[in-house]
Every structure is written in C-alpha cells, then in structure tokens.
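Thanks for asking me to look this model over. Here are my notes, kept brief.

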Amino acid sequence: MARKPLITFLGNFRVTAFLLLLLPTFRQVIGGGHDYPDALRKSILFFEGQRSGKLPPDQRVKWRRDSALHDGSSVGRDLTGGYYDAGDNIKFGFPMAFTTTLLSWSIIDFGRNMGPELKNAVKAVKWATDYLLKVTAVPNVVYVQLGDAYSDHSCWERPEDMDTLRTVYKIDGSHPGSDVAGETAAALAAASIVFRSCDPAYSRLLLKRAVRVFDFADTHRGAYSTSLHSAVCPFYCDVNGYQDELLWGAVWLHKASRRRRYREYIVKNEVILHAGDTINEFGWDNKHAGINVLISKEVLMGRAEYFESFKHNADGFICSILPGISHSQVRYSPGGLIFKAGGSNMQHVTSLSFLFLAYSNYLSHANKAVACGEKTASPALLKQLAKRQVDYILGDNPLRMPYMVGYGPRYPQRIHHRGSSLPSVRAHPARIRCKEGSRYFLSPNANPNVHVGAVVGGPNVTDAFPDSRPFFQESEPTTYINAPLVGLLAYFSAHP
C-alpha cells in the first residue's frame with residue numbers, strides 16, 4: 001500500500017559526521033566488497049515479478065502466472081500489461097511512468113556498464129512502454145489507473161486470483177492531469193532514446209506519441225488528483241503540483257528530439273513552472289532536482305549557456321543534500337543512510353543517489369566541481385556518497401543485512417507483497433479468495449516465494465527494521481525504488 005511520503009525539513013550534521021559517513025564503517029565487519037553484477041541482475045529480475053498481463057515464454061520468475069487479462073474490457077480497450085507498482089495489485093500510471101523514465105535514464109547513462117544485463121533492462125523498459133502506448137492510444141485521453149485501490153487493499157490475494165474491482169480511470173480534456181500526462185510523455189521520450197539504435201521504428205513511435213501526450217498535458221492543464229481525487233488519493237496524490245511534470249516532459253522531449261520548440265518552452269517556462277522550487281526533492285511526485293541535473297549536462301558540455309540557471313539549481317541541490325553542510329535538507333541515520341520522513345524511504349535513497357552519480361559524471365567530463373560555501377563537492381566525492389548508499393542497501397549497515405531480497409544469505413523474509421507472501425499457483429492451484437489470504441498476511445513465517453531483487457522501504461531513522469508484513473512503509477518493495485538503483489548498480493559493476 002504505497003503512499004506519498006511527507007516532505008519535511010530535517011536537521012544538520014557536523015563535518016566530523018560527514019567524514020565518518022564516507023568511511024566503509026561496516027565493510028570490515030561483513031568481510032569484503034559487494035557483488036555488484038549479481039545485485040544488478042537481481043534488481044532487473046525484480047521487474048519480472050511485478051508484471052501484469054499475459055506473461056511471455058521467456059518469463060524467468062516462475063512463481064508468477066498470467067493476471068488481469070481483462071483489464072480495460074469495461075471501456076472496450078485492451079489495457080493489459082504494465083507493472084504492479086508495489087505489493088498490491090493496482091496499476092498506478094503515475095509511478096509506473098516515473099519508473100519507466102528512470103529505467104530509461106539508467107540505460108542511457110549507464111547501459112554501457114550493464115554487460116549481458118543490458119538486454120534484460122531494455123526488456124523491462126519495453127514491458128512498460130508497450131503498456132503506456134496502449135493507455136495513450138486515444139488522442140487527448142490517458143488511462144491512468146487500473147483497479148480500485150480501496151477494494152484491492154481490503155483483500156490479500158494473488159494477482160492471479162484477483163476478483164476485486166478493475167475500475168478504469170482516465171484523464172481527458174474535461175478532466176485534466178498534466179502531472180501524470182507530463183510524466184508519461186517524459187517516459188515515452190526517454191524510452192525512445194533507449195530504442196533509437198536497437199529498434200528505430202519503435203523509437204519513432206514512442207517519440208511521436210510522447211509529443212502528442214505532452215501537447216495534451218500542456219493544453220489541458222490541471223492536476224490529476226483534482227480530477228480523480230477519490231481514486232488516486234492518498235495513494236499517489238499529486239501534492240507537489242503538475243508544473244514540474246510539464247518541464248520534465250519538455251526536458252526529455254528536448255533531449256530525445258533536439259527540436260527548438262522544447263528548448264524555447266523550457267527557457268520561457270522556467271520561472272512560470274517553478275524550476276527553482278524544492279530543488280532538493282526527486283521522486284515520482286517531484287521532478288525538480290532531476291530536471292536541473294538533466295539539463296545541466298548540456299551546460300557543462302558548453303552547448304547551452306541559456307540553461308545556466310538550471311546548473312545553478314543543480315549545484316544548490318547538491319549542497320542541500322550533502323552531509324556536513326549547514327542547512328542540509330535530509331537527515332542521515334547513525335549508520336549513514338539518507339532519511340526523509342514518510343513511507344518507503346529507500347525511494348529517496350536510490351533516486352537521490354542516482355542524481356549524485358549522474359551529476360558526478362557530468363561534472364567529471366567538464367572537469368568541474370560544486371562549491372558549497374567553504375567546501376567543495378568533487379565528482380569523486382559525489383560518487384563516494386552514492387556508493388555509500390548502495391553499499392548500505394547491500395549490507396554495509398548496523399544490522400549487517402542487505403535490503404535487497406535474495407542478495408546474500410540474510411535479507412528481509414516477510415516483505416509486504418501479496419504474490420510473494422501467498423503460495424504460488426503451482427504450489428496451491430485452488431483459488432485463494434479475498435479474506436482467505438489474511439492468515440498468510442499475519443503469519444510469522446517467511447514468504448514462500450522469494451521475490452529476488454526486491455528492495456524494501458527500508459529501516460527507520462535509527463537503522464531499525466521490523467521485517468514484518470504489516471509494517472508496509474518499511475517492508476514493501478516498489479518499482480520506483482529499483483528503477484534508479486539499476487543505473488547505480490550498473491556503474492559500480494564496472495567501477496567497484
């Protein structure tokens with residue numbers, strides 16, 4: 001039951017704490033480095049366990065079967081496919097599109113480091129984009145959610161057994177949703193870059209659709225949580241506003257198409273759409289830090305001085321997150337984990353770390369660093385900070401436990417995930433109805449299906465972790481935790 005994290009201001013750390021965070025404090029305790037290629041493989045495999053629809057012959061996660069095969073039939077459309085965003089059986093379009101954008105960005109920046117896993121990462125993107133093409137097939141309409149969250153969350157059942165409402169929710173000209181449409185345009189545009197060389201025709205289709213969906217988002221402005229409040233709130237309610245998604249979509253269309261209209265749109269709307277607001281946030285609801293980091297690459301390459309203010313914002317983002325800097329906008333746990341209040345903290349850890357790493361590479365190629373008052377954030381330092389967070393996830397933490405399921409000998413056993421916690425169809429062919437699953441939810445036993453690669457919401461600010469299904473904020477995995485982690489693990493596979 002993924003929910004919107006609360007945004008809060010959380011304290012400062014001293015320079016001494018900053019230095020301590022950079023030390024591999026627990027590495028010596030658990031003995032040696034990490035198998036980043038193995039973690040990369042598993043982080044991508046996770047997406048196969050989240051698939052909805054008719055599974056392909058090469059499906060590797062065997063405890064999953066076909067599910068939600070009639071999605072869209074109530075409105076006369078085939079809306080099967082896509083991903084379940086977390087441990088429930090709803091297809092939420094907003095986080096799914098963000099997941100697709102970040103998976104694509106991971107491949108664009110770090111695909112060369114993925115080795116044999118590149119093909120699986122591309123498949124993970126295509127499973128999403130095939131669905132996004134379906135939900136945007138009708139002009140000026142985007143189908144943004146499949147399933148009723150309240151009905152779904154009242155049951156604990158396998159996706160293969162679903163008998164809850166599969167209500168179809170859409171936005172259109174009379175019921176706008178610039179946020180989810182803008183993110184969908186960004187996802188399609190970013191993915192078009194992924195497929196540019198390996199499938200040019202598909203790439204062109206994605207870009208053409210991205211243009212159309214963005215035009216719809218920009219022409220019919222409004223937040224989808226206003227149009228569909230009872231369906232999407234409090235689950236994926238747009239708290240931050242839709243303006244950032246319009247800029248985000250324009251930035252990815254600029255990157256994918258190189259058309260002047262998007263450059264001019266970005267420059268014209270920088271202030272109007274609040275590019276400099278909440279620059280220390282990045283996630284499915286807030287794209288500001290991502291916008292500024294992504295555009296800054298062009299500034300650092302010396303090709304776009306008209307985007308200089310975005311580079312200034314990106315530097316400000318780095319300085320606001322660094323430990324040891326006055327007025328740091330995040331808190332760090334005693335074990336060194338980035339922490340922001342609210343649910344599913346690992347989404348902040350992986351998304352912010354991805355930006356650290358991406359910006360580090362952009363700075364490095366330009367032989368630049370970020371000045372934060374009396375301190376300097378070099379590219380090497382930013383990589384070190386990102387690596388520290390990845391290593392924490394993989395076991396360099398006070399509990400000496402990876403937060404990725406299936407990595408190493410000890411990991412979360414009772415994750416908040418219906419399909420993982422209930423017997424598979426192979427093991428238990430009979431239907432398990434809505435309330436019949438409750439005993440599995442409440443069971444102290446480990447989940448029978450190991451959801452390899454799933455990264456859970458993670459420990460609290462004291463580094464404590466309950467490993468219990470009812471504690472969904474800590475024990476639920478999400479696609480948008482894993483998507484940026486794929487890029488991080490790819491880089492560190494090549495640069496351990």
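This is a predicted model: local features need pLDDT of at least 70, side-chain atom pairs count only at pLDDT 80 or more; totals for chains, interfaces and linings use all residues.

1. Residues are numbered from 1 along each chain as its sequence is written, and side-chain values use heavy atoms, leaving out hydrogens and water.

2. Helix 13 covers residues 288–300 (helices are DSSP runs of H or I, at least four residues, numbered from the N terminus). At 1.5 Å a residue, its 13 residues should span 18 Å, which agrees with the 18 Å between its end C-alpha atoms; the expected span is 1.5 Å times one less than the number of residues. Just after helix 13, Gly302 has a positive phi of about 75°.

3. Because 12 of its 13 residues are buried, helix 13 is largely enclosed by the rest of the structure (buried means under 20% relative accessible area, with a 1.4 Å probe and protein chains only).

4. Trp105 and Tyr359 touch the most other members of the largest nonpolar core, which has 150 residues (a core is a set of buried Ala, Val, Leu, Ile, Met, Phe, Trp, Tyr and Cys residues joined through side-chain atoms within 4.5 Å).

5. Arg418, in helix 17 (residues 418–421), counts as buried because its relative accessibility is 1%. Its contacts include Asp88, Asp152, Trp156 and Glu157.

Technical notes:
Helices (H or I, at least four residues) and strands (E, at least two) are DSSP runs, numbered from the N terminus. Buried means under 20% relative accessible area, exposed over 50%, partly exposed in between (1.4 Å probe, protein chains only). Contact means heavy atoms within 4.5 Å. Lists of a residue's contacts leave out its neighbours within four places in sequence.
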